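Let's take a walk through this one, from charged pairs to a pocket to aromatic rings. Have the viewer open as you read.

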Amino acid sequence: MKKIFIAIFMVLVLAGCDKSISLIGESDSWSGEYTANISAHREDGKYVFSYKNETDEELKNIEITINEKLVRKESDYKGKIIEISTGCAGCAVTDDTLPIKVKMNWDDKEETFYLKS
């Protein structure tokens, strides 16, 4: 009986360790969001960046830097929405109380903003 109680307790504790986060932010030209599912030492997430200005042309020389790390670079990008999936196991997971710094470079322009909860 004691073993069954301990097993049920452990399942409930481990199930309670999962959480979802959502961080959002924007600049004059871009809006961004990071969503993730986090367990004890695993994180699966996705960044979604949307260009807010009307354009039917390709965005030139896009560079996206997140927390001082270049994560995407393209010379020509057709569209207004950029998605970047992330995932790691055995890693330090995102602390949703800390902002994520995003720097967008495109068409010889640059804007920086922060994703926050």
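Lys52 is partly exposed, at a relative accessible area of 34% (buried means under 20%, exposed over 50%, and partly exposed in between, with a 1.4 Å probe and protein chains only). Before going further, some ground rules: this is a predicted model, where local features need pLDDT of at least 70 and side-chain atom pairs count only at pLDDT 80 or more, while totals for chains, interfaces and linings use all residues. Residues are numbered from 1 along each chain as its sequence is written, and side-chain values use heavy atoms, with hydrogens and water left out.

Back to Lys52: its side chain meets that of Glu26 in a salt bridge, 2.5 Å from N to O (the rule asks for a side-chain nitrogen of Lys or Arg within 4 Å of a carboxyl oxygen of Asp or Glu). Lys52 sits in the loop between strand E3 (42-51) and strand E4 (59-66), and Glu26 in strand E1 (residues 19-26), so the pair ties together parts that are 26 residues apart in sequence. Glu26 itself counts as exposed, at 52% relative accessibility.

How many salt bridges are there by this rule? The count comes to 10. Another of them joins Asp76 to Lys60, with the closest N and O atoms 2.9 Å apart. Here Asp76 is in strand E5 (residues 69-77) and Lys60 in strand E4, 16 residues apart, so to speak a link between distant parts of the chain. Both ends are partly exposed, Asp76 at 38% and Lys60 at 36%. Glu58 joins in as well: Glu58, Lys60 and Asp76 are linked in a network of salt bridges.

The side chains of Lys73 and Glu63 also form a salt bridge, at 3.5 Å from N to O. This one links Lys73 in strand E5 with Glu63 in strand E4, 10 residues apart. Lys73 is exposed at 59%, whereas Glu63 is partly exposed at 26%.

The lining has 18 residues, and the closest to the pocket centre are Tyr47, Ile66, Asn67, Thr86 and Thr94. E3, E5 and strand E6 (81-89) each supply at least two lining residues, and E6 gives the most, with 4.

Finally, the rings. The structure holds 6 aromatic pairs (ring centres of Phe, Tyr or Trp, the last by its six-membered ring, within 6.5 Å; planes under 30 degrees apart are stacked, over 60 edge-to-face, the rest tilted). One of them is the tilted pair of Trp30 and Tyr51, 5.0 Å centre to centre with 55 degrees between the planes. Trp30 is buried at 0%, and Tyr51 is buried at 8%. Tyr51 also pairs edge-to-face with Trp106, at 5.9 Å and 75 degrees. Tyr51 lies in strand E3 and Trp106 in strand E7 (residues 100-106), so this pair ties together parts 55 residues apart in sequence. Trp106 is buried too, at 2%. Elsewhere, ring pairs link Tyr34, Tyr47, Phe49 and Phe113 into a cluster.

Technical notes: On a 1 Å grid over the protein atoms alone, a cavity is a set of points where a 1.4 Å probe fits but cannot get out, and a pocket is an open set with protein on both sides within 12 Å along at least five of seven lines; lining residues have an atom within 4 Å of a point.
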